[in-house]
Amino acid sequence: MNTTGIHHVTAIADDPNENVRFYTDVLGLRLVKRTVNFDDPHTYHLYYGDETGSPGTALTFFPFGEGRSGRPGRGQAVATSFAVPEGSLDYWRERFADHDVTVGEVEDRFGAEVLPFEDDDGQPLELIEGKTDIEPWVGGPVPEAAAIRGFFGVTLQSKAPDATGRVLELLGFERGDEADDRVRYVAHGDRATVVDLLKREPPRGRPGTGTVHHVAFRAPDTETQMEWREKLTAAGQYVTQQKDRQYFESIYFREPGGVLFEIATDGPGFTADESVESLGSELKLPSWLADDREEIAAHLPPLDAVAGEVSN
């Protein structure tokens, strides 16, 4: 029983409109769902990905607004990487310059070129040249030849790297390439299969705007998810009860290195309450919040930047 890779990554943002602008207008992802944080319904939960937000493509955000700035560090995922076609980094450097994006120097990592950059909240992101089975979203401003093709992977900075590595191996990741400060773990799948584990000391991570909240791994169905819960519990992890997230079922646990992990089912997916054509076009609420729609909507800021209304 092995996960095939990353399902989604959830991070914390400040202003929801700036968040939508960056991920649709600059990165060319599709806003596939606008809903709310089910545990804090007065906060949006925004999902971006390929045309349908396929597992392995969905980067999601809680834009809390005027929150405390976080600091990526030990006990967190400290970089989220997207896969882009080989030879496309020159295009992206020019695009980022046109949009005043904070960009680092291109580096070679295990034989692939990596371009680090940040979003408006300082969220650490990367573009990595690599192959994936994902077809890019072509309804946005980025040409298909350079468009993002889902996740490449994530980088974790663990408080206990050896213990985190054992959890990754329990999930089915295999230990691979190593460098002075990182070890690569790879899942058997066609997309979003890489977790790099850093061997670094301080700073300790501080939750807040510009940091990752959790990393979710894939399970094909609820039966497999429950098997994972039993297996992880037997290995000494405290795992939550199953939670209904409307578009997938979830269980959570905080691994020994401090990173919050989730295992999420592949289905039912984001077309559960919208057609493919209308994904992300209006606020969607789960049935248990439907009676509170008017009150919830009144507390949410309007989204000026909406799917399909992005500039080149």
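Predicted model: local features only at pLDDT ≥ 70, side-chain atom pairs only at ≥ 80, totals over all residues.
Contact here means heavy atoms within 4.5 Å of each other. Setting aside neighbours within four places in sequence, glutamate 129 is in contact with Val84, Pro85, Glu86, Gly87, Ser88, Leu89, Ala112 and Glu113. Glycine 111 is 18 residues away from glutamate 129 along the chain, and the C-alpha atoms of the two are separated by 9.7 Å.

Helix 2 comes next. Spanning residues 89-98, helix 2 has Leu89, Trp92, Arg95 and Phe96 as its buried residues. These cover an arc of only 115° around the axis, which is why they fall on the same side of helix 2. The face turned away from that buried side carries the exposed residues Glu94, Ala97 and Asp98. What, then, covers the buried residues of helix 2? The cover includes helix 1 (16-26) together with strand 5 (76-84), strand 7 (112-118) and strand 8 (124-129). After helix 2 comes aspartate 100, whose phi is positive, near 55°.

Arginine 93 pairs with aspartate 90, and their closest N and O atoms are 2.0 Å apart. Both residues belong to helix 2 and are three residues apart, about one turn of the helix. Arginine 93 is partly exposed, with a relative accessible area of 36%, and aspartate 90 is likewise partly exposed, at 46%.

Side chains of opposite charge can pair when their charged atoms come close. A search of the whole structure finds 15 salt bridges. One of them joins the side chains of aspartate 120 and arginine 21, with an N to O distance of 2.8 Å. This pair links distant parts of the chain, 99 residues apart: aspartate 120 is in the loop between strand 7 and strand 8, while arginine 21 is in helix 1. Aspartate 120 is partly exposed, at 44% relative accessibility, and arginine 21 is partly exposed too, at 25%.

A further salt bridge brings together the side chains of aspartate 266 and arginine 218, again listed at 2.8 Å from N to O. Aspartate 266 lies in strand 16 (residues 260-268) and arginine 218 in strand 13 (residues 212-219), so the pair ties together parts that are 48 residues apart in sequence.

Threonine 3 lies in the segment before strand 1 (6-13) and counts as buried, at 3% relative accessibility. Leaving out residues up to four places away in sequence, threonine 3 touches Leu171, Phe173, Ala187, His188, Phe217, Arg218 and Trp228. The side chain of threonine 3 also reaches the backbone oxygen of glycine 5, at 3.2 Å.

Eight strands form an open sheet with mixed pairing, in the order 2-3-4-1-13-16-15-14. Strand 2 (30-37) and strand 14 (243-244) stand at the edges with a single partner strand each, so one side of each is left without a neighbour in the sheet. Strand 15 (residues 248-254) and strand 16 run antiparallel and are joined by six bridges. Phenylalanine 253 has phenylalanine 261, in strand 16, as its bridge partner. Helix 1 lies across strand 1, strand 2, strand 3 (40-49) and strand 4 (58-63), and runs at about 10° to strand 3.

Terms used:
Residues numbered from 1 in each chain as written. Heavy atoms only, no water. Buried < 20%, exposed > 50% of the residue type's maximum accessible area, 1.4 Å probe, protein only. Helix = DSSP H or I, 4+ residues; strand = E, 2+ residues; numbered from the N terminus. Arc of directions from axis to C-beta. Salt bridge = Lys/Arg side-chain N within 4 Å of Asp/Glu carboxyl O. Polar contact = N/O pair within 3.5 Å; in protein donor to acceptor, adjacent residues only side chain to side chain. Pairing = 2+ DSSP bridges. Axes fitted to C-alpha atoms, helices over the stretch in contact; angles between N-to-C directions.
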